[in-house]
Amino acid sequence: MMDDLHDTRPNPKAGDTRPMAPVGQRHPARWLAFVMALSLFATVIAGCVLVLISLLRREPPQAVSVRLVVDGLARDLETTADDVRGLLEATGIEIVGNLAVVPALEAPIEAGMTVIVDDQRPVTLTVDGATSVFRTVIENPRDILTAAGVVIDVDDEVLVNGARVDARDLLQYPLPANRISVRHALTITLSDGDNELATLVTTADTVGDALTEAGVVLYLGDVVTPPVETALSGGQAVTIDRALPATVSADGITTETRSQAETVGALLAEVGVQLNGLDYAVPPENARLTAAMNVRVLRVTEKIEIETIDIPYDTLYLASAEMELDTTAVTTAGQTGRDERRVRVRYEDGIEVQRFDDGVVRAAEPVNEVISYGTRIVYRTVDTPDGPREYWRQLRMYATSYHPAALGGDDVTATGARLTKGIVAINPRVVPYGTIVYVNGYGEGRAADTGGPRTTPYWIDLGYDDDNYKHWSGWVEVYLLAPPPARIPYILP
């Protein structure tokens, strides 16, 4: 057994007679490991053979048609590349600098796809007021927005190169997009007076712009909350407190307006119409304003009309012994007084509507006239055919004549004397009964009768008996002979 443990093969070195070193005992476990390793090696070899056979049997990849656009130049080609990177490598295109590739390098190749390789250009992108520069080779605005991660809806406002474009038409936009502005639509609620609550979808900047965009008409006096200049935010609630329509007519001008005023007076103040003095409004100032109210302002003026009433003055006669009979002198001039009746006339809008009698006011007192008359009798003498006669008064009178037959035979005078020559009828206010008068051509006569009204107080009717009657008609001088009567009419009519 020990001999089996030593190698008895000849020593390669002929001169070396020493035995070789022992190689160890051969146990069964070592043989098992050897067998298993050999089996594993065989399995790997077999798998590789099978893969090789499979590869040799598989058909080569099929080429597809794609379009490659490089720096704006397009060419159609066939490729068997799996992805965009493989396509570019196969065509010898190296991605360096600002070159960009669309779709991405990892995108799988699909039949009919377009691959763009170009320098990236800046696109100014403004989204809801925030502006940035987005570098891309994409020219279509919809594709640019998609690449930039901007989601848009049909209600959003999109401006491409400054012109508004419907979001649904972006894919058909024919020019390269250099500037894109997007304002996402906001939803707000609108409460408009008594109308139902409305929902508005808008891209406006402010509340006022949104209302205009929605066709909401605002009138003078309407109150919008929040104010029209307020910037919009999503979910905002907007209310409109409508002013009441009203019409104001004043000074010939009719103004149609709307107002939040509670009363007519406040409405008039809003439109700049003032009530002055007696002016008034219909309805009155304190009336509550209602819708479609017609307010009329009446301008009231008053004028005082003065009716003048003359107050006659009295004439006072003052006897003067220093003045000769039948002479007068005005020692105080008379002045007519004046009363004024005041009538207040009211006008409304220039039309007379009423008159008020405010009574009579004495404006000026009359001043009585004072006339001094003479009472001093001066005797004078007149030569007549019957001789000189002394007289104390001379009057020019209209002379007529009468006799009993003209009176139907009545010969009794007013004083009871018998009518005959020497009896004269006179106005006793001028010549007192009993006065002796002288008339040239008639002679002396005694005033003993009177007669009816004449056109002048200065008349004399010369009496006759029927047998000696003489007709008189004309102006004569009548002398009142001395002595004068006891009662002298110093002031003649």
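**Confidence.** Begin by colouring the chain by pLDDT, bearing in mind that this is a predicted model. The protein chain averages a pLDDT of 87, and 88% of the residues score at least 70. Next, select residues 1–28, where pLDDT stays under 50. For this stretch the model has 8 contacts beyond four places in sequence.

**The largest pocket.** Which residues line the largest pocket? Select Val-69, Gly-72, Val-102, Ile-116, Asp-118, Asp-119, Arg-121, Val-137, Ile-138, Glu-139, Asn-140 and Asp-143, which form its lining. The space in this pocket amounts to about 340 Å³. Colouring the lining by residue class gives 5 nonpolar, 2 polar and 5 charged residues.

**The open sheet.** Proceed to the four strands β10, β11, β12 and β13. In what order do the 4 strands of this open sheet lie? The order is β11-β10-β13-β12, with mixed pairing. Select β11 (198–202) and β12 (223–225) to display the edge strands, each of which pairs on one side only. On average, and with direction ignored, neighbouring strands of this sheet are turned by 25° against each other.

Then show β12 together with β13, residues 237–241; the two pair in the antiparallel sense over 3 bridges.

Select β14 (residues 244–250) and β15 (residues 253–259), which are paired in the antiparallel sense over 7 bridges. Together β14 and β15 form a hairpin, with 2 residues between them. Centre the view on Asp-251 in the turn, where phi is positive at about 55°.

In which sense, parallel or antiparallel, do β14 and β17 pair? The pairing of β14 with β17 is parallel and extends over 4 bridges. In general, strands of a sheet pair through backbone hydrogen bonds, in either a parallel or an antiparallel sense.

**Final selection.** Conclude with Val-248, displayed with Thr-255 and Val-295. Val-248 stands opposite Thr-255 in β15, and Val-248 also stands opposite Val-295 in β17.

How values were computed. Residues numbered from 1 in each chain as written. Predicted model: local features only at pLDDT ≥ 70, side-chain atom pairs only at ≥ 80, totals over all residues. Heavy atoms only, no water. Pairing = 2+ DSSP bridges. Axes fitted to C-alpha atoms, helices over the stretch in contact; angles between N-to-C directions. 1 Å grid on protein atoms, 1.4 Å probe; cavity = no way out; pocket = protein on both sides within 12 Å on 5 of 7 lines; lining within 4 Å. Points joined across faces, edges and corners; volume = space filled by probe spheres on them. Nonpolar A, V, L, I, M, F, W, Y, C, P; charged D, E, K, R; others polar. pLDDT = per-residue confidence, 0-100. Contact = heavy atoms within 4.5 Å.
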